[in-house]
Amino acid sequence: RNDLFAGDTQSMLTALASSCSIAPTPPRTLPPITGNACALGYDFGTSGVRCAIVDASGEIVANPPGYSWGVAGERAQEASDWEEALFSQLAALPADARARVSRIAVSGTSGSMLLVDGDGAPAASRGSPRMYDFSVSKQAVGDSGEAALALLRRCTPEGHPVRSATSALAKLLAYHFESPLAGSERLAHQADYVASRLTGGAIASDWHNALKLGFDVRALHYPEWLTGGEIGEIARGRLPRVVRPGEPIGPVSDKLVAKYGLASGCLVVGGTTDSIAAFLAAGADSVGDAVTSLGSTVAIKLLSDVPADDASTGVYSHRLGDRWLVGGASNAGCAVLREQGFSGDELARLSEEIDPLAQPPCTDYYPLSSLVVGERFPRPDENAVGVLEPVPESRAAFLHCILHGIAKVETEGYEALAALGASELRRVLTSGGGSQNAQWTVMRQALLGVPTSRAANIDAAYGAALLAARGAG
């Protein structure tokens with residue numbers, strides 16, 4: 001089945017042609033850490049904050065219990081919450097481990113942002129940060145969100161990620177249409193702001209967080225449509241400096257170095273998003289390595305030599321040094337298992353009854369949640385609905401059909417990336433609840449045609465620590 005993932009000649013030529021406009025990756029200024037030095041990674045995720053310290057070999061030195069937002073705090077956070085979590089986690093680390101920390105990186109939820117004033121403090125009149133799932137079309141004040149989206153439709157490339165109602169740029173523009181931006185107001189992503197609390201310096205971002213702000217990861221600068229024209233009149237001077245993930249932002253302030261006993265000269269380096277940090281944690285480090293997340297929905301990411309993008313299906317590429325992390329996300333996934341009443345115990349018991357190499361009774365299931373209308377990837381159809389019938393008499397057979405249906409979505413997803421010219425799939429590591437199902441892993445491997453296994457580590461804090469230690473971004 002590997003030939004399914006090679007892509008046709010025309011798509012590869014298209015990808016190679018587009019790569020001609022890719023700016024060379026700037027040389028790294030920081031080598032990997034060596035000797036007794038350690039790196040600290042933070043992950044500011046949807047449910048809370050975790051941190052981890054790794055040594056030069058990548059082994060975990062310290063990994064304290066996480067800081068939870070609580071159910072109410074997942075979508076309603078204050079910048080002060082981020083600071084409390086940052087420093088409480090730092091204080092929870094053993095003193096001897098802190099003393100070895102020479103670099104720190106922060107990952108945050110993609111699209112979460114706030115406005116800061118000239119000294120880097122949250123803009124007092126702007127309220128709470130706008131989190132990753134804040135939609136300007138549904139939650140912005142008055143018609144400010146629609147005004148922002150209309151401007152983006154007029155002035156940005158068709159299908160660009162900034163056109164999303166949850167993009168950082170849409171949120172910035174909505175703030176402006178709500179009330180014109182003050183002279184000192186600047187945008188900061190969640191990871192940018194947290195990093196600035198460590199340095200005490202100006203806001204800086206990274207290639208990964210800045211993608212949905214409009215940063216051109218191929219040319220490695222903000223595009224003209226963002227710095228000029230109608231959008232530029234609003235955004236100019238309000239966008240953060242952008243560094244390569246893993247490269248220096250600035251030193252931790254002398255005050256914090258002394259207070260927490262960090263290594264002298266400890267640096268804060270460019271961070272990343274939580275999903276990319278989790279990819280790095282999984283150990284996917286060679287071209288052709290991929291990570292599938294089997295949660296409520298299916299998301300895939302593939303490490304590729306060339307970028308692959310398709311606005312119609314929401315496929316876009318993050319830059320990882322000279323390589324590319326190509327990804328897509330389906331609305332289909334494991335949410336249907338809960339909807340069909342499968343408990344954890346029943347899933348485990350019935351999975352044991354399934355022959356993973358046998359065809360299920362029904363092979364045409366498309367496992368969209370009943371709460372969802374529409375699919376974007378890998379089969380774009382705004383009117384798509386789930387197909388979970390006919391229903392076999394046996395619950396084990398029904399489960400077999402559903403798991404096979406989700407596995408087909410995954411397989412079609414990687415086939416779609418190949419058709420866009422991405423590198424050939426060679427290995428799949430798995431995260432999410434579905435990664436624990438051994439029979440399903442065998443089934444998926446048979447469909448994918450490449451080695452498929454559970455990722456050894458999916459902790460995004462660990463991935464952020466590896467980024468700081470190795471400069472892998």
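Which helix and strands each supply at least two residues of the lining of the largest cavity? They are helix H7 (190-199), strand E8 (204-206) and strand E11 (267-269). Please keep in mind that this is a predicted model, in which local features need pLDDT of at least 70, side-chain atom pairs count only at pLDDT 80 or more, and totals for chains, interfaces and linings use all residues. Residues are numbered from 1 along each chain as its sequence is written, and side-chain values use heavy atoms, with hydrogens and water left out.

**Cavities**

- Searching the whole structure turns up two cavities of 30 Å³ or more; a cavity is a set of points, on a 1 Å grid over the protein atoms alone, where a 1.4 Å probe fits but cannot get out.
- The largest cavity holds about 60 Å³ of space, where a volume is the space filled by probe spheres set on grid points joined across faces, edges and corners.
- Among the residues that line the largest cavity are Val 106, Asp 192, Asp 206, Ile 249 and Gly 271; lining residues have an atom within 4 Å of a point.
- Seven nonpolar, three polar and two charged residues make up the lining of the largest cavity (Ala, Val, Leu, Ile, Met, Phe, Trp, Tyr, Cys and Pro count as nonpolar, Asp, Glu, Lys and Arg as charged, and the others, Gly among them, as polar).
- The second largest cavity has about 40 Å³, and its lining includes Ile 300, Ser 330, Phe 377, Pro 378 and Glu 410.
- Strand E14 (298-304), strand E16 (323-329) and helix H15 (395-419) give two or more residues each to the lining of the second largest cavity, with E14 providing the largest share, three residues.
- Helices (H or I, at least four residues) and strands (E, at least two) are DSSP runs, numbered from the N terminus.

**Second largest pocket**

- The second largest pocket contains about 370 Å³ of space; a pocket is an open set of points with protein on both sides within 12 Å along at least five of seven lines.
- There are 20 lining residues here, and Leu 337, Leu 347, Gly 433, Gly 434 and Asn 437 are the closest to the centre of the second largest pocket.
- Helices H13 (335-339), H14 (344-351) and H16 (438-448) each bring at least two residues to this lining, and H14 gives the most, with four.
- By class, the lining of the second largest pocket has nine nonpolar, nine polar and two charged residues.

**Aromatic rings and charges**

- Eight aromatic pairs occur in the structure (rings of Phe, Tyr and Trp, its six-membered ring, with centres within 6.5 Å; planes under 30 degrees apart are stacked, over 60 edge-to-face and the rest tilted).
- The pair Tyr 67 and Trp 69 is edge-to-face because the ring centres are 5.7 Å apart and the planes lie at 75°.
- Tyr 67 and Trp 69 belong to one aromatic cluster with Tyr 42 and Phe 44.
- Trp 69 counts as buried because its relative accessibility is 11% (buried is under 20% relative accessible area, exposed over 50%, partly exposed in between, with a 1.4 Å probe and protein chains only).
- The charged end of Arg 130 sits over the ring of Tyr 175, 3.8 Å from the ring centre (NZ of Lys or CZ of Arg within 6 Å of the ring centre and within 35 degrees of the ring normal).
- Arg 319 lies over the face of Trp 207, 5.6 Å from the ring centre.

**Helix H12**

- Six of the eight residues of helix H12 (residues 274-281) are buried, including Asp 274 and Phe 279.
- Gly 283 follows H12 and has a positive phi, near 90°.
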